[in-house]
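Subject: Structure for you to look at

Hello,

Here is the structure I promised to pass on. Please open it beside this email and follow along.

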Amino acid sequence: MKKLFSEFNIKNVKMKNRICIPPMVVGFRPDGYVAPENVERYKKLAQGGAGLIIQEATCINIDGRLSEKQLGIWKDNQIEGLKSIVNAVHEEGCPIFVQIHHAGVVGVSENPLCPSAYEYKTPTKTVVGHEMTIEDIKSIQNDYIEAARRAYEAGYDGIELHGCHGYLICQFFNKRVNKRTDEYGNNPEKFVIEILEGIRGVTPEEFVVGIRLGGFEPTIEDGLHYAKVLEKNGVDFLDISYGFGSEQEMNVPEGYKYSNAVYAAEKIKEEVSIPVFAVNGIYSVETAEEILKERDVDMVDIGKGALINPNWANDAKEGKDTGKCLSCSKCMWFGQSKVCPGKVMFDKANGQK
Ligand SMILES: Cc1cc2nc3c(=O)[nH]c(=O)nc-3n(C[C@H](O)[C@H](O)[C@H](O)COP(=O)(O)O)c2cc1C
Ligand code: SF4
């Protein structure tokens, strides 16, 4: 039997296979509340047979959004809508974690926060993040803790802290962005360790708390260091992706067979005992199986593969065509999923309009 289709547990959360659908923001409403389309989307993904779904980056504070149409978990009255996603996914026999997120300087705020003053350049503008005061730090840490409490109350099986892709936690980790000279700069992991302690204080022991971490922050040595520190501080799993976009040095051996993020996951797995997830460019059953077996990670994230074909896991198990992401220079799913060329191609081949 393939490792891909073997069962796996994190604490009491049982997964029927090693396929995780990673967080992918696809916005529907501008107010942060769950829309019927969100529920439908997650129900369909759950029916697709994955072992685990991690809900898209869901913001802990309205000022920390990465886009206007991002889901929110910053108010108690958002819990009800979130519960409808959880229930829809659980009804299909799939566990669900939610990724909790604050964008920091890489967001839509007019006056964004950053660990220290930082100029963030986009193709159209330069945003200047202002250095967080200690009061800002404490207040945002509390927003993460409150968001985790809401996630538990909504019925999620766990949370994933969004600690990569340039967003706030990642800005603390990366010393090229975090130039603070106080304890949050000299000891960059302090920000997230205090959040973890706070979350443990408001959720029960069995509630799963993991993190999506950049493997290169800015180098793999930093990624390894943070992974070990986080394991020591009680995180239940590490989902390894990329760090702060322009401030990474991806020192990966030439000719490495998979993506740089998979390399980082493989290296980190050699040094920790907790579950490690690998991501990026895993589109076929063969690649997924090879990465699980030969690189010894515990779960594989099937991202764009599941955008094109939400039934990816069932199709993979039945030996059917799982579809093909065309790796467009900018993935169109974020704003206009209906024109995804990979999805159009896949639907056509399968006789769907
Ligand atoms: C439309 C879209 C939205 C995404 N949103 C998130 C997100 O909310 N949080 C996150 O950590 N990564 C996000 N990602 C990154 C994916 O989770 C994944 O890491 C990336 O697509 C690479 O995996 P893949 O090659 O399997 O697609 C997003 C990717 C896409 C295409
Ligand atoms: S828009 Fe392009 S990159 Fe995005 S999922 Fe579709 S084919 Fe893949």
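Predicted model: local features only at pLDDT ≥ 70, side-chain atom pairs only at ≥ 80, totals over all residues.

**Helix packing**

Two packed helices are described by the angle between their axes and the distance between the axes.

Start with helix 1, residues 36-47, and helix 2. Their axes lie 8 Å apart, at an angle of about 20°. Angles under 35 degrees count as roughly parallel, so helix 1 is roughly parallel to helix 2. The crossing of this pair is right-handed. Which residues make the contact? Helix 1 brings Asn 38, Val 39, Tyr 42, Lys 43 and Ala 46. Helix 2 brings Ser 84, Ile 85, Ala 88, Val 89 and Glu 91. By class, the contact of helix 1 with helix 2 has six nonpolar, two polar and two charged residues.

Now stay with helix 2, residues 79-91, and look across to helix 3, residues 134-154. The two axes come within 9 Å and cross at roughly 50°. That angle makes helix 2 oblique to helix 3. Helix 2 and helix 3 also cross in a right-handed way. On the helix 2 side, the contact is made by Ile 79, Leu 82, Lys 83 and Val 86. On the helix 3 side, look for Arg 149, Arg 150, Glu 153 and Ala 154. How do the residues of the contact of helix 2 with helix 3 divide? Four are nonpolar, none is polar and four are charged.

The last pair is helix 7 and helix 8, with helix 8 spanning residues 260-269. The angle is about 50° and the axes are 10 Å apart. So helix 7 is oblique to helix 8. The crossing of helix 7 and helix 8 is right-handed. Ile 220, Gly 223, Leu 224 and Ala 227 come from helix 7. They meet Ala 264, Lys 267 and Ile 268 of helix 8. Five residues of this contact are nonpolar, one is polar and one is charged.

**The ligand site**

Next, go to ligand 1. There are 19 residues around it. Which of them come nearest? They are Pro 23, Gln 99, Arg 212, Gly 281 and Lys 304.

Zoom in on some atom pairs. A backbone N or O atom of Pro 23 is 2.8 Å from an oxygen atom of ligand 1. For Gly 281, a backbone N or O atom is 2.7 Å from a ligand 1 oxygen. His 165 uses its side chain: a polar atom there lies 3.5 Å from a nitrogen atom of ligand 1.

**Two backbone details**

Most residues other than glycine have a negative phi, and most peptide bonds are trans. Here are two exceptions to look up.

The peptide bond from Glu 217 to Pro 218 is cis, with omega near 5°. Where is Pro 218? It sits in the loop between strand 10 (208-214) and helix 7 (220-232).

Asn 280 is not a glycine, yet its phi is positive, about 100°. Find Asn 280 in the loop between strand 12 (276-278) and helix 9 (285-294).

Best wishes

How values were computed: Residues numbered from 1 in each chain as written. Chains lettered and ligands numbered in written order. Heavy atoms only, no water. Axes fitted to C-alpha atoms, helices over the stretch in contact; angles between N-to-C directions. Helix = DSSP H or I, 4+ residues; strand = E, 2+ residues; numbered from the N terminus. Parallel < 35°, antiparallel > 145°, perpendicular 65-115°, else oblique. Left-handed = near helix turned anticlockwise from the far one by under 90°. Contact = heavy atoms within 4.5 Å. Nonpolar A, V, L, I, M, F, W, Y, C, P; charged D, E, K, R; others polar. Near = heavy atom within 4 Å. Polar contact = N/O pair within 3.5 Å; in protein donor to acceptor, adjacent residues only side chain to side chain.
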